[in-house]
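Good morning, and thank you for coming.

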Amino acid sequence: MITALKLTFLLLGIGFCYRLQHSDTNEETRAAQPSKYGSLWPLPQKVQISEVSFKLSRASFQIIDAEQSFADPTCRLLQDAYRRYYEYIFVGAQTHKSSSNKRAGRAELTELQVRITSPDTECGGYPEVTSDESCESLPHFFSLVSFINSTVISDFPRFRHRGILLDSSRHFLPLKVILANLETMAMNKFNVFHWHIVDDQSFPYMSQTFPQLSKQGAYHPYTHVYTPTDVKIVIEFARLRGIRVIPEYDTPGHTQSWGKGQKDLLTPCYSGSEPSGTFGPVNPILNTTYDFMKRFFTETSSVFPDAYIHLGGDEVDFTCWKSNPDIQKFMVQQGFGDDYKKLESYYIQRLLDIVTTTKKGYMIWQEVFDNGVTLKPDTVVHVWIGGESNEEMGKVTGAGYTTILSAPWYLDYISYAQDWQRYYKVEPLNFNGQFLNNFVFVTNQIMWWVKTFLGLS
């Protein structure tokens, strides 16, 4: 889904889903002023900081379950989180010895008590879009460690879906890079990993039903693939950090790598009356196409536990379809005339019906909506075109669909100087349309350059 760079460094846009309502103070002046909330990032909904301060000791401090908590002491998810936050708090502690004299006389804080207020802790389950993420104090606690003042924090997400898209097809990403990205996402309260796992360039997903897809379509069949074990590691690593993993298998376009391992899946292109030797999008007129898709999405639906799969549907080039005599005949038989958007809609509709049988919801790029495909009411439409002033958002929400917005956060819009300020100031609901509770989701997009930013290239 990329003819232009679709990239947003994951630390540039993280404020948009937690930003507080600002006063009328000049935007540029405010951005240059130090925050009264110190190092809290991202800003919670409510903060109250007192003058009372405490000191911490690595030797005596601990994170524990409160007496009235519904937490299960054997819950691995919580215990792992306690260990992670403990390390977050004291990482680099040796560098702070010089400040110990300044803390002389302060009371020592020996424990952080965590109280789970819901009897259904969902400890063994996977995060969902309906999961309750409201909290007080804990997720921000490690941000305060350089100046532990008595602080009351009340927080809940403005948007339930806060995503990062990672493209592992155009540039293969080692497992450690994906895990490092997930770790950083959790620290900045992103909760959806949108895994754009395959595309034209390569097919690194190792399918157990169709192993030839990665053997023939990956950059390398052994070193540049994601094995079933790799995928399980990513999903579990994400689960322990409250992050959903939504895979994207984009069709009928962006599928050149699919055709290398699956014969007759792609459309043969013609030059005049003869085949040109090249191939276009998925061939939508063959029953074998839908037999393949049913088996493939039955597998992926069992591999990825999230309630949704992203089915793409963007940027379909009709040139090859138009050149193929068999497709021309099919167009006449179906009464489509010369409108190849109808042929695209025919394919997408059959694919959506297949995915529905797997009991998964689906997300699609906005072109599917634009081309008039019949969609279920619970379809999620992903808007990526239009920038900050977006008529598309008004159309999609006005039609009653839940929406993901990516358009304002692409780094192909990058200029110079303080770009992050523009990303931070984006108001996702700045359009004419329906503003229902949790109706609009937000997501960033990030590609292989994350390796450079995380120092793992």
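Let me begin with a term: a residue is buried if its relative accessible area is under 20%, exposed if over 50%, and partly exposed in between, with a 1.4 Å probe and protein chains only. The model is predicted, so local features need pLDDT of at least 70 and side-chain atom pairs count only at pLDDT 80 or more, while totals for chains, interfaces and linings use all residues. Residues are numbered from 1 along each chain as its sequence is written, and side-chain values use heavy atoms, with hydrogens and water left out.

I turn to the aromatic rings. Rings of Phe, Tyr and Trp (its six-membered ring) pair if their centres lie within 6.5 Å; planes under 30 degrees apart are stacked, over 60 edge-to-face, and the rest tilted. The structure holds 23 such aromatic pairs. One of them joins W195 and F304 edge-to-face, at 6.4 Å centre to centre and with 85° between the planes. This pair links distant parts of the chain, 109 residues apart: W195 belongs to strand β7 (residues 192–196), and F304 to the loop between α8 (287–303) and β11 (308–310). Helices (H or I, at least four residues) and strands (E, at least two) are DSSP runs, numbered from the N terminus. W195 counts as buried because its relative accessibility is 0%, and F304 counts as buried because its value is 1%.

A further pair, F210 and F292, is tilted, with 4.6 Å centre to centre and 55° between the planes. F210 lies in the loop between β7 and α5 (212–217) and F292 in helix α8, so the pair ties together parts that are 82 residues apart in sequence. Are F210 and F292 buried or exposed? Both are buried.

On a 1 Å grid over the protein atoms alone, a cavity is a set of points where a 1.4 Å probe fits but cannot get out, and lining residues have an atom within 4 Å of a point. Which residues line the largest cavity? They are Y126, P127, I235, R239, I243, R244, V245, P305 and D306.

Two arginines deserve mention. A charge sits over a ring if NZ of Lys or CZ of Arg is within 6 Å of the ring centre and within 35 degrees of the ring normal. The charged end of R239 sits over the ring of Y126, 5.9 Å from its centre. Likewise, the charged end of R241 sits over the ring of F237, 3.6 Å from its centre.

Finally, the backbone. Most residues other than glycine have a negative phi, and most peptide bonds are trans. The peptide bond from T251 to P252 is cis, with omega near 5°, and P252 is placed in the loop between β8 and α7 (256–261). D264, in the loop between α7 and β9 (266–271), has a positive phi near 65°. E315 also has a positive phi, near 50°, and lies in the loop between β11 and α9 (319–323). E315 counts as partly exposed because its relative accessibility is 26%.

Technical notes
On a 1 Å grid over the protein atoms alone, a cavity is a set of points where a 1.4 Å probe fits but cannot get out, and a pocket is an open set with protein on both sides within 12 Å along at least five of seven lines; lining residues have an atom within 4 Å of a point.
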